[in-house]
Amino acid sequence: MAEFAAPAVGDWDFPRGTASIELMTRFAADRGLAAGRLLAATSLSADLLADPAAQVDARQELAVVRALAALDGSDATALDLGRRYRVTTFGIFGFACISSPTLRDAMLLALRYFDLSFAFCIPNVVADGDRIAIELDNSRVPADVARFLVLRDLSAIFAVMRDLLPEIALDDLSFRHEASTVDAYRAAFGVEPRFGADACRATLDPAFLTLPLPQANEQTVALCAAQCEALVARRRQRSGISQQVRERLVRLGGVDAGMDEIARQLTLSTRTLRRRLVEAGTNYRALVDEVRQALAEELLDTGVLSVEDVAYRLGYAEASSFIYAFKRWTGMTPAAFARRFRAARQAPPGR
C-alpha cells in the first residue's frame, strides 16, 4: 500500500473551536438526553460556545464526549452523532474543502489542515491496489471512548464527503470491534460492515477522487486556504504549555495565583514549568500580563464595571497598579480605552 498523504498532526491533542461541543449539546437535547450534564463535565459556559472565535483545549471536548457516551454510548448514537457533522460545521475549513476542484484536492487540503477539524482518530489515506482506503487510528484515544469516537469520526468524515460529492459510495467497510447491530451502520455508510478486522477501514473507487466537485471555485478555495493557513498558524503558536498556563489563569479570572500554584495544577515542578515556558519562547509573567490584558479589555468593554472594579476582579490591590499596567500594555489608560469603545458603539452606522 502507498500512502496518499499524511495528516499535519499525529495526535488528537490540538486546540479546537467550539462548534463541535455546541453540536453535541444540541444533539443530546434533541434526543431527550440531559444536555446540561455535557457542559457540567467541563469548565465551559454556554456563552463561550456562542463565540465563533473561541478556542478550547481538546480535553474539554473529550470531557463532553465522555459525558455524552455515559448517557448513551451505543453504536447507533455515535454513528448518528457523526452524521450531524456537515461541511458547514467546520467554518472556513469546510468552505475551503467544498470549493476545491476535486475530491482529491479536498482530501489533501483536509489532511494539511487536519488540526482545524474536530477528530480524535487520526486518518491515514492509502492507495490499496485499485482502491483508496481511509484508515482511522484510535490507538491514542482513551480506551473508554475509543469505540465511540472511531464511529463518530468515520461517520462524520463520510457525511462531509457526501456533502462534497453526493454520488460517492463506499465499496467496503471494516472495524476492529466485534459485531453489532448493522442497521445504524447501513444508515450511516450505505454498506454493511465487517467486524473483528485488522483495522477501521473504508475503501472506495479512486475514480471518485478526480470528479469535479459541484461547488468548485478556484478563487474561493485560494482565499479560504489562505485563511486556513493563518488560523492554523495562530492555533499552533498558542498550543502546548503556554496555552495550558493561559487556560488556568483564565479560570482564575486573571488573578495571579503564583507560578508555584500553576505548576502544581499542571503536576510539574516550578523549575520544569519555567524551563518549558522558556523553550516555548515566553515566560510566566508575560502570560499573566497577556491574560489580564484580554480580560481587562473584555470587562471594560461591558461599560458596567468601573476601573476600580476591574482592577479588583483581576487581583490588583490598588487601582493605580492596574492603571499603570494597562497603560504599559495598550498605551492608554483604562478610562480612555472604555471611552473609545463606548464612542465606537454609539457612532451611527457607516461612520
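**A tour of the chain**

Start with the charges: the mean positions of the 42 positive and 44 negative ones lie 6 Å apart. Lys and Arg count as positive, Asp and Glu as negative, while His and the chain ends are not counted. Each charge is placed at NZ of Lys, CZ of Arg, CG of Asp or CD of Glu.

This is a predicted model, where local features need pLDDT of at least 70, side-chain atom pairs count only at pLDDT 80 or more, and totals for chains, interfaces and linings use all residues. Residues are numbered from 1 along each chain as its sequence is written, and side-chain values use heavy atoms, with hydrogens and water left out.

Now show the cartoon. The chain has 17 helices and five strands (DSSP runs, H or I of at least four residues for helices, E of at least two for strands, numbered from the N terminus). Its C-alpha trace spans about 70 × 50 × 45 Å along the principal axes.

Select residues 284–301, helix α14, and residues 319–330, helix α16. Their axes (lines fitted to C-alpha atoms over the stretch in contact, with angles from 0 to 180 degrees between N-to-C directions) come within 11 Å and cross at roughly 100 degrees. So α14 and α16 are roughly perpendicular (65 to 115 degrees). Show the side chains in contact (heavy atoms within 4.5 Å): among them are Arg292 and Leu300 of α14, and Phe322 and Trp329 of α16.

Next, select helix α4, residues 58–71, and helix α8, residues 143–164. They pack at about 95 degrees, axes 10 Å apart. That makes α4 roughly perpendicular to α8. Residues meeting here include Leu62 and Val65 in α4, and Phe148 and Leu149 in α8.

Terms used: Angles under 35 degrees count as roughly parallel, over 145 as roughly antiparallel, 65 to 115 as roughly perpendicular and the rest as oblique.
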